[in-house]
Every structure is written in structure tokens, then in C-alpha cells.
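This report examines how one protein chain is packed. Please look at the sequence and the model before reading on.

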Amino acid sequence: MKILHTADWHLGQLFYEYDRTQEHQLFLEWLSATIKAREIEVLLISGDVFDVTNPSVNSIRLLYEFLNTVSQQSPHLQIVITAGNHDSASRLEAPIPLLQSTNIHIIGTIDKLADGSINYQKLCIPLKNKAGRIQTWCLAIPFIRMGDYPQSATEPYSYAEGVAQLYHDAYEYANALKEHGQNIIAMGHLHTFQAEELEMDKSERMIMGGSEFISATAFHSELKYVALGHIHKAQRIGGKEHIRYSGSPLPMSFSERNYKHQVVIIDLDEDVKNIECVEIPVSIPLLKIPLQPLPLNEVIALLHQLPEKETAINTAPYLEVQVLLLEPEPSLRYKIETAIASKNVRLARIQPHYVQNNNNATSTPQHNLLNDLNPTEVFTQTYYSKFQSEVPNHILDLFKQTLQEVDLNDE
């Protein structure tokens, strides 16, 4: 059985206010062609199909057109979609009545039975081989929210303990259904202890203050493959080849520009025979100029060297500009936008960096009671904490003038 694992599509994402519909369309066309060329039998999508809980009509259309296309070109393809923390679980499950006669399974919520126990039957999807016989049971577990997991008979579970217990019980349920020659795989949308993430990547931020970190030991040792989503950097977890994040198909931020975006294809018989990471072509590159912050005049000179604008600006690279400043530059954006006005780039972000000034230790902000500070002191300390330098006289004069105007208005 050939299985393709992908996750974190984030359909509908705006990249610094730029629409990415074209990029997602190209990815889905590539994925559709890959499924056909590689004769994929099972497609696993491990959460965050959409970027927001209330996706646009265009985003929903992208998903359904893709599902229709791959279902027609590969009639025996089985698709399992689970919800991520960005998805609306109930919205994702809405078309289930229309899909009951298809090979498309969508699991958004963890349902409970009348006695309060979890409906594990819903979470255990039988996957069939080309002969039409069940070969694999898939634990299709979506993003787990507080209270979704089983309740302890003694002390309440922590989130991590509850998630581990849910995976354990789900495995035991599937194992009772499993017959000779069959095996079990799992899906998940969660944050593992061992996952390598980027500090500045807000799209991978912690959701519950760190209490959501799950150990790789939460996954039963007999699971043949664990298809994870949530972390955008493709990687294996805990040194185990069969526990993997597929990563996001598109870079979601500039911090993701330097690593490979991919899908994972596995050959599964009684055991995993082969794991292949297939790189996804980049349709629109991300540029960072310069790679390390430089003074504004040097940055402007580099921007002038960029290629001239082409007709189809919607395919131009996204640009992040890094500038080294001694103090705030009010006309910074204007100067950069002027420099790239005729260039084949789309400005996404300007990242100013300020020279550290540690010569005057007395300027370091102190922790004082609010009643002991006047507005000018608050302003100067805040300015120093942000820019590591004293407030220039002309800015301080403007601030004092503002204070006077406020006082007059209050009177």
C-alpha cells in the first residue's frame, strides 16, 4: 500500500496581506499529478487544511475541487482528513453526509457516547488494498482540545497525559479489530517535545503555554507510521523514522524560507518498506535582502540591483528588507518603496534592527512604581528599551509638545 502524508496546507492564508490562492492552486495541481504518477492509494492530510476557522468561499472551493479531481483520476484513492487547531472541526465535517458513499473520510471532532466514553469507532478508519481487503487501520485523530481525552478514575489527567491515554485507548480499540496480516497507523495534529521549531515562527507558537508538548512515547511502539501535522518544518521525531511531521507545502513565514517543503510517501506492507521525502516545487520564492542587517544606504544600493518589474507582478517574489539603524527613521518605508518601485518584487516586511548602545548604564530602564513616574520618564525608558539609545532631542521636544496639547484639551 502506497501512502502519501501531508499536512498544514493553510488554504486561504494571506502572506503579509498578499493572497496566496495561486500558490495553493499550483501546489494542489502538483499534488494531484504526484498522486497519479506514484499510484498513491491513501492520502493522509493531518490537520490545518484551512488557515482560519471561517475560510473564504475560494478556499473551500480549492479543497473540494481538489478532492473531486483526485477522486476521479484515482477512483480507488482513499483520503483521510483530520482537523487541526486552525480548522473549525464542525465546519470541516459539514459535507460528511455527501461523502458517505465515497472513499473520503473527514474527522473533525472527538465524539463521546452516552456513557461519556469516547467513540473510538469514528476514529478508526479501515484502509483497503487494491484487492479490496482491509490491510491497515488508521487512527484518524484530529487536534485534541482540553476535555476531549478520556477522564481518569482517580486524579484528573494533565493535557499531555490525557492525549497519551487517548492514543493508547485508540490503539487498543483498533488492535481488537485487527486481523492477521493487518497493521495500524496513526495521525495527529499536536506539538511533540522533540520537535525542532523556529523561535520567531509565530505560526508554530505554543497554544497552551507549553503544557501541550507530547512525548513520542505516547505513540504505541507497534504503530507502523505516525503522520503528524502542526509543526511546519518537515522532520522525524525522537530519532524514529516512522514518526514524522510532513511539514507545510508552502513557507508560512520568512523563517521557513531556508528549509525544504515536502510530502512523505511510504510503502506499507506488514511493515514500512520505504519512506521517501518528495520536495514540492517553490512557485513564488521568498527573498531576504540583505541576509544580515546593513545601513540604509547600503540596503538601498542592493535593492537597486534587483531585476526590473515583469508584467505578471502576482508571481513576483516576496521581499523582506533588513535595515540597521542608529535611531528611528520616519521615512524608512518611503525610501524602500521608492527603491523597489520598478523592481520585480512584492514588499512583504521591513525589519529594522537598532545598534546596541551600552555606553550609558544610567539609561537602562528601571522597575519603578507607576505613581513614581511621569509621562516623559515612561516615554524615555520605553524608547531606550526598544532602540537602546537616548531619545533624540527633536523627538523629545515633539513628545513634550504633545503632552502640553493633551493637558490643554483636558482643561
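Leaving aside its neighbours within four places in sequence, with which residues is Leu44 in contact? The model is predicted, so local features need pLDDT of at least 70 and side-chain atom pairs count only at pLDDT 80 or more, while totals for chains, interfaces and linings use all residues. Residues are numbered from 1 along each chain as its sequence is written, and side-chain values use heavy atoms, with hydrogens and water left out.

Contact means heavy atoms within 4.5 Å. By that rule, the partners of Leu44 beyond those neighbours are Ile3, Leu4, His5, Thr6, Val80, Cys138, Ile185, Met187 and Ala227.

Leu44 also belongs to the largest nonpolar core. Such a core is a set of buried Ala, Val, Leu, Ile, Met, Phe, Trp, Tyr and Cys residues joined through side-chain atoms within 4.5 Å, where buried means under 20% relative accessible area (1.4 Å probe, protein chains only).

| Core | Residues in core | Members include |
|---|---|---|
| Largest | 50 residues | Leu44, Leu139, Ile141, Ile144 |
| Second, separate | 31 residues | Leu31, Ile40, Phe50, Ile79 |

Helices are DSSP runs of H or I with at least four residues, strands are runs of E with at least two, and both are numbered from the N terminus. The buried residues of H6 include Tyr159, Gly162, Val163 and Leu166. Among the elements that cover the buried residues of H6 are helix H5 (120-123) and strand S7 (124-128).

The 19 residues of H6 (159-177) should span 27 Å at 1.5 Å a residue, which agrees with the 27 Å between its end C-alpha atoms; the expected span is 1.5 Å times one less than the number of residues.
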